[in-house]
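Subject: Structure for you to look at

Hello,

I am passing on the structure we spoke about. Please have a look at it first; my notes follow below.

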Amino acid sequence: MVTRRRRLLLQLLMRSREVVVGRGGEERDWARRKAEDPAPASTPGRLLFLPPGPEPTAGPQPRGGVGDWKEALTEAVNILQCGQVVAVPTDTIYGITCLAQNSEAIRRIYEIKGRSEDKPLAVCVGHVEDIYKYCKVTVSDQVLRDLLPGPVTLVFKRSEELNKDLNAFTDLVGIRIPKHPFIQKLAEVCDGPLALTSANLSSQTSALTTEEFQDLWPSLGLVVDGGPIGNMTKPECRLGSTVVNLGTPGKYSIIRPGCAFDATVEILQNKHGLSLQS
């Protein structure tokens with residue numbers, strides 16, 4: 001059953017003549033429509049409603065869509081490879097992502113957010129094994145697997161494999177494996193890591209729905225709408241991932257408490273014996 005919210009979104013997109021995937025997978029011709037009737041500046045190049053995924057998610061289930069995940073993943077990969085930026089759901093909040101090894105795409109993300117270039121971007125990968133390629137890991141493999149996938153960003157010293165234009169001002173990098181099947185699979189099928197940050201203008205509130213970052217839509221190549229994330233009535237749902245620095249062997253420090261602070265400290269300190277760095 002089509003919700004009132006989705007119906008309003010579809011009506012908006014139909015009026016703007018942008019590409020929308022509808023029932024039966026039919027696709028409106030974006031280039032032809034735009035020439036006839038230029039779209040207003042409130043719509044992305046393409047918006048996809050994500051169908052229910054291949055496995056359950058921790059939060060509310062995505063709204064029913066059309067097509068399948070293969071279509072959405074293929075579209076996202078194609079757009080990322082063109083150097084564009086894509087909005088995606090994660091296990092915490094909505095994010096925007098690009099190929100981390102593409103320097104132009106990295107600059108584009110900063111422009112879209114209006115973000116100072118001295119603020120770092122996190123990196124997203126698909127498997128724990130990938131972390132060793134881009135980071136100098138100082139903890140046991142079991143620590144990584146106890147924390148990831150999950151709402152945690154681990155900060156290590158970066159390796160030479162990572163694009164030098166990504167966070168060029170620091171030798172550290174935060175790395176994530178979100179516990180959301182879509183972005184996890186997207187990171188798996190992309191050839192290289194993804195740069196990932198929140199889908200909002202710098203200093204504004206993080207987004208739990210795609211409507212909450214409509215001001216970014218005109219700058220995005222694709223918006224993947226997986227429905228609301230978490231409980232929108234609880235402010236803690238907008239905190240984003242817990243960011244923990246593990247660059248010093250045997251120690252940890254919390255850079256951002258985030259939404260998984262207690263669980264992260266329990267794993268690091270009580271299960272693995274790491275001490276809080278003063």
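This is a predicted model. The axes of helix 3 (residues 69-81) and helix 7 (residues 181-189) cross at roughly 55° and come within 10 Å. Angles from 65 to 115 degrees count as roughly perpendicular and those under 35 degrees as roughly parallel, so helix 3 is oblique to helix 7. Their crossing is right-handed.

On the helix 3 side, the contact involves Trp69, Ala72, Leu73, Ala76, Val77 and Leu80. In helix 7 they meet Pro181, Phe182, Lys185, Leu186 and Val189. Of the residues in this contact, 10 are nonpolar, one is charged and none is polar.

Next, the interior. In soluble globular proteins, nonpolar side chains tend to be buried together. The largest nonpolar core here has 53 residues, and those touching the most other members are Ile131, Leu154, Phe156, Phe213, Leu220 and Leu246. Several elements give two or more residues to this core, among them strand 4 (94-99), helix 5 (128-134), strand 7 (152-158) and helix 8 (261-271). Helix 4 gives the most, with five residues. There is also a second, separate core of 22 residues, which includes Leu48, Leu50, Val88 and Leu196.

For the whole protein, there are eight helices and 13 strands. Of its 278 residues, 49% are buried. Among contacts between residues at least 6 apart in sequence, 61% join residues at least 24 apart.

Regards

Notes
Residues are numbered from 1 along each chain as its sequence is written. This is a predicted model: local features need pLDDT of at least 70, side-chain atom pairs count only at pLDDT 80 or more; totals for chains, interfaces and linings use all residues. Side-chain values use heavy atoms; hydrogens and water are left out. Axes are lines fitted to C-alpha atoms, for helices over the stretch in contact, and angles run from 0 to 180 degrees between N-to-C directions. Helices (H or I, at least four residues) and strands (E, at least two) are DSSP runs, numbered from the N terminus. Angles under 35 degrees count as roughly parallel, over 145 as roughly antiparallel, 65 to 115 as roughly perpendicular and the rest as oblique. A crossing is left-handed if the near helix is turned anticlockwise from the far one by less than a right angle, and right-handed if clockwise. Contact means heavy atoms within 4.5 Å. Ala, Val, Leu, Ile, Met, Phe, Trp, Tyr, Cys and Pro count as nonpolar, Asp, Glu, Lys and Arg as charged, and the others, Gly among them, as polar. A nonpolar core is a set of buried Ala, Val, Leu, Ile, Met, Phe, Trp, Tyr and Cys residues joined through side-chain atoms within 4.5 Å. Buried means under 20% relative accessible area, exposed over 50%, partly exposed in between (1.4 Å probe, protein chains only).
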